[in-house]
Structures are given as C-alpha cells and as structure tokens.
Amino acid sequence: MPTLDKTRLDRIKPWMQRYVDERKFAGSSVLVNQSGAEVFYHQTGLRDVASAAPFTRDTVARIYSMTKPVTSLALMMLAEEGRIHLDAPLSAVLPEFSEMYALVDGATAIDQVERCPVPTLHQTVTHTGGFSYPFNPGVLPKAMEEAKLLFGASEGPLAEVTQRLAQMPLAFQPGTRWEYSVGIDVIGRVVEVLSGQTLDAFFQSRIFDPLGMRETRFAVPEGALDRFASLYTPLASGAMALNNAESKSAETLRCVDVAGKSPFRAPSTLSGGGGLVGTIDDYMRFCEALRTGGQGLVSPATLRFMMSNHLPGEIASMGPSSFAEQPMTGTGFGIGGSTVLNPARTRTPSSVGDFSWGGMASTFFWIDPVHDLSVVFFTQLSPSSSYPARPELKALIHGALT
C-alpha cells in the first residue's frame with residue numbers, strides 16, 4: 001500500500017495559511033489517519049477573529065451536514081435489529097406522511113400537485129424521495145423558505161417540524177430524481193419513533209459513548225463554550241442564502257454566529273440532517289469506525305452496503321438542479337454519503353469507493369478504502385460552495401502518496 005510522504009504532506013500547511021492570509025477562512029484544521037495511525041495534523045488561523053482566539057485541535061465546530069452519516073448509521077443500526085426495512089413507506093413509522101402529493105412537472109405554484117406514492121425510507125435517506133431544502137432553486141424550496149422549514153436549531157421539537165413538513169407537497173414523484181434535502185432530518189424522527197428515545201439520547205448512548213466521542217452533541221458541551229468557533233460568510237444576504245450567492249459582502253469574513261448568542265447553546269430542534277457540533281478528533285473517531293467495519297455498532301457487511309452506490313448511476317444522471325456538498329459527476333450516493341464511481345469524471349484525484357460528505361460551514365471528511373485513509377477537515381465558513389478547498393485538499397493528499 002502506498003505510504004504518505006511527510007515532505008509532500010507538509011504542502012498542506014502553506015495551502016491552509018494562504019486561505020487565512022487571503023481572508024477566505026478565519027482558521028482551519030486538518031487531520032489525516034492511515035491504517036488507523038495519525039500521519040498528519042495541522043491547524044492555523046483563528047476560531048474567532050474579534051477575540052483573536054486561535055483555531056485549535058479542541059475547537060468545537062458546527063459540522064452541519066456531516067451529521068447526516070451519523071443519522072444514517074443510526075437508521076442502519078435499527079434495520080440490523082429488524083425494527084424496520086428500507087423499502088417500508090415513511091408512513092409505516094410516521095403516519096403524518098400517509099397521503100402524499102407531488103408537484104406536477106413544470107409547476108409554477110405550490111398548489112399544482114398530483115397524488116403520489118409515499119416515499120420509502122430508502123428514498124428518503126438517499127435524497128430521492130422528493131424532499132428538498134429552502135436554499136435549492138424551485139417552487140417547493142421557495143415555499144419551505146417562506147415557512148422557515150430548514151430544520152435549523154431553533155424551529156421547535158423535531159416531531160412538530162416533521163409534521164409541518166408533511167403538509168408540504170414533494171418536489172417530484174419519489175424515486176424519479178435526486179435532490180439534496182431535509183430527508184435525513186425526517187430519518188432522525190424515524191429513529192426517535194423506532195427507538196423510543198430522543199435523537200440526542202440515541203446518538204449519545206448508542207454511537208457517541210461507545211466510540212468515545214465526548215464532545216459531539218446537538219448543544220455545545222458544557223464547559224466548551226469558550227472553544228466554540230464563530231461562523232463566517234462572504235455573502236451579504238445570509239450564510240444559507242445560496243439563491244443569492246452572487247450577493248457578496250465587502251467583508252469576506254462577515255461573522256454570523258458567535259458562541260455567546262448561538263442557537264447551538266440550547267437548540268430546540270434535533271436536526272439529524274445538520275444539527276451536531278463537535279471536535280475534529282471526535283469526528284475522526286466516527287470515520288475510523290466506518291473505515292474499520294463498524295466497531296460493533298453495525299456489521300462490516302452493513303457498512304459495505306451503506307458505502308455502496310444506491311442510485312442507478314451517477315448523481316448527475318438523476319438530473320439534480322439542487323445544491324450538493326459533493327461533485328455530481330463520477331459520484332454515486334450511498335446511505336448518508338457520496339461514493340466515488342469514476343475518479344476521472346469527478347475531476348478530482350480520488351479512489352474508487354471514496355466515501356465522503358461535507359457540511360455547510362465547509363467542513364469535509366472522506367474515507368479512502370484503497371489507501372486506507374481517513375481525512376477530516378474543519379473550518380467555519382458558510383456556504384461550503386464559496387471556495388474549492390475540498391478538491392484542493394484531496395489533490396494535496398493524493399500528491400503525497402508514494
């Protein structure tokens with residue numbers, strides 16, 4: 001197996017510093033493991049510009065959509081126990097989804113709908129169920145934005161937000177397209193109902209405690225508020241306003257969330273799609289559990305199933321118009337993350353089978369089964385589409401393989 005050349009890995013350090021010097025990221029950290037051993041770690045910049053607090057290894061960051069693989073693993077744990085099967089309709093667990101409607105093709109208003117089947121759990125967890133996000137283009141996203149249906153930290157109890165979502169039509173007939181969505185937030189509610197536990201309690205007792213993830217929670221852990229990074233955006237209209245992404249602020253590091261006032265201090269919504277905060281070492285523990293075959297949480301066979309492509313082909317072949325955290329060409333989608341099918345078509349140095357996802361604040365992870373790598377990148381800039389940091393980091397690490 002190729003090893004990583006230390007001199008070449010050190011190219012990552014000036015690359016990280018350049019992002020800070022150019023005021024693109026306030027600060028960042030990178031952690032690389034190969035075959036379970038740490039081979040690289042570096043940090044640079046600030047976790048809070050105003051106070052000049054450094055970005056450190058124990059910095060607590062918003063991981064947003066890197067929550068999705070955790071929720072997806074929880075679903076597979078319950079499927080392994082025979083609690084549910086993936087082809088079950090959502091309504092088998094959540095009766096509020098019993099009668100479903102989808103927008104007709106070419107709809108220009110939210111009431112232009114037709115009856116449709118209830119999405120299955122599998123469609124919901126793979127973003128093919130017809131759900132969407134407010135920051136996507138289209139009729140449903142606009143209605144979701146007006147209804148404040150992002151499953152953000154302050155929208156109320158998960159059961160109530162899910163019931164509000166069930167009143168909306170789907171963006172398309174289930175199974176016909178791929179669109180990045182709040183589907184995995186809905187799966188979080190499925191986990192609650194099937195397990196009889198709140199999502200935070202399930203995560204802590206069944207995933208975080210067994211893996212030693214002591215500082216990954218929906219709320220900033222007690223005693224860690226002074227280590228909680230601030231969130232920045234280069235956008236003038238808002239950190240999640242991807243529809244107005246051309247509206248740049250004169251200040252590339254405009255602060256939009258600080259520790260003292262953050263909704264992550266005491267969130268009312270347990271968002272399985274984007275609600276967790278944690279440290280880089282904690283997330284590496286999660287990655288290592290996936291890389292090594294489940295560490296007793298699920299079987300290696302279940303993990304191979306999760307990290308396989310569950311779509312007919314590439315994400316791009318299903319005609320998405322949505323935002324996504326990863327390239328859509330050369331890439332398929334598994335249970336909770338993307339998987340590389342053809343590295344050349346991703347236009348980024350990769351290995352076949354790389355399993356990855358990222359978060360809206362530009363965090364990123366991937367697991368490379370060919371070179372036995374786990375890589376985690378932390379920073380706090382939203383949206384993650386602002387700069388090409390992820391493909392650049394993959395190129396840097398592949399360039400260090402000897």
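## Close-up views of a predicted model

**View 1. The largest nonpolar core.** Among the 100 residues of the largest nonpolar core, Trp178, Phe203 and Ile207 touch the most other members. A nonpolar core here is a set of buried Ala, Val, Leu, Ile, Met, Phe, Trp, Tyr and Cys residues joined through side-chain atoms within 4.5 Å. Buried means under 20% relative accessible area, exposed over 50%, and partly exposed in between, with a 1.4 Å probe and protein chains only. This is a predicted model, in which local features need pLDDT of at least 70 and side-chain atom pairs count only at pLDDT 80 or more, while totals for chains, interfaces and linings use all residues. Residues are numbered from 1 along each chain as its sequence is written, and side-chain values use heavy atoms, with hydrogens and water left out.

**View 2. Isoleucine 207 and its contacts.** Leaving aside residues up to four places away in sequence, isoleucine 207 touches Val70, Leu73, Ala74, Met77, Phe202 and Leu297; contact means heavy atoms within 4.5 Å. Elsewhere there is a second, separate core of 26 residues, which includes Val30, Val32, Tyr232 and Phe364.

**View 3. Two aromatic pairs.** The structure holds 21 aromatic pairs. Rings of Phe, Tyr and Trp (its six-membered ring) pair if their centres lie within 6.5 Å; planes under 30 degrees apart count as stacked, over 60 as edge-to-face and the rest as tilted. The rings of tyrosine 19 and tyrosine 387 have centres 6.1 Å apart and planes at 75°, so this pair is edge-to-face. It links distant parts of the chain, 368 residues apart: tyrosine 19 sits in helix α2 (residues 12-21), and tyrosine 387 in the loop between β14 (373-379) and α12. Helices (H or I, at least four residues) and strands (E, at least two) are DSSP runs, numbered from the N terminus. Tyrosine 19 is buried at 5% relative accessibility, and tyrosine 387 is buried at 19%. For phenylalanine 203 and phenylalanine 218, the ring centres are 5.6 Å apart and the planes are at 15°, so this pair is stacked. Phenylalanine 203 belongs to helix α8 (residues 199-211), while phenylalanine 218 lies in the loop between α8 and β7 (231-233). Phenylalanine 203 is buried, with a relative accessible area of 0%, and phenylalanine 218 is buried at 5%.

View 4. Ring pairs link Tyr133, Phe135, Trp178, Tyr180, Phe333 and Trp357 into a cluster. One of these residues, Phe333, is also touched by histidine 310, together with His122, Thr126, Phe305, Gly334 and Ile335, not counting residues up to four places away in sequence. Histidine 310 is found in the loop between α10 (300-306) and β10 (331-333), and it is buried at 16% relative accessibility.

View 5. A cis peptide bond, with omega about 5°, joins serine 382 and proline 383. Proline 383 lies in the loop between β14 and α12. Alanine 52 has a positive phi, near 60°, in a residue other than glycine. Look for alanine 52 in the loop between β2 (37-48) and β3 (53-54), where it counts as partly exposed at 47% relative accessibility. Serine 362, also not a glycine, has a positive phi of about 75°. This serine 362 lies in the loop between β12 (355-358) and β13 (364-368) and is buried at 6% relative accessibility.
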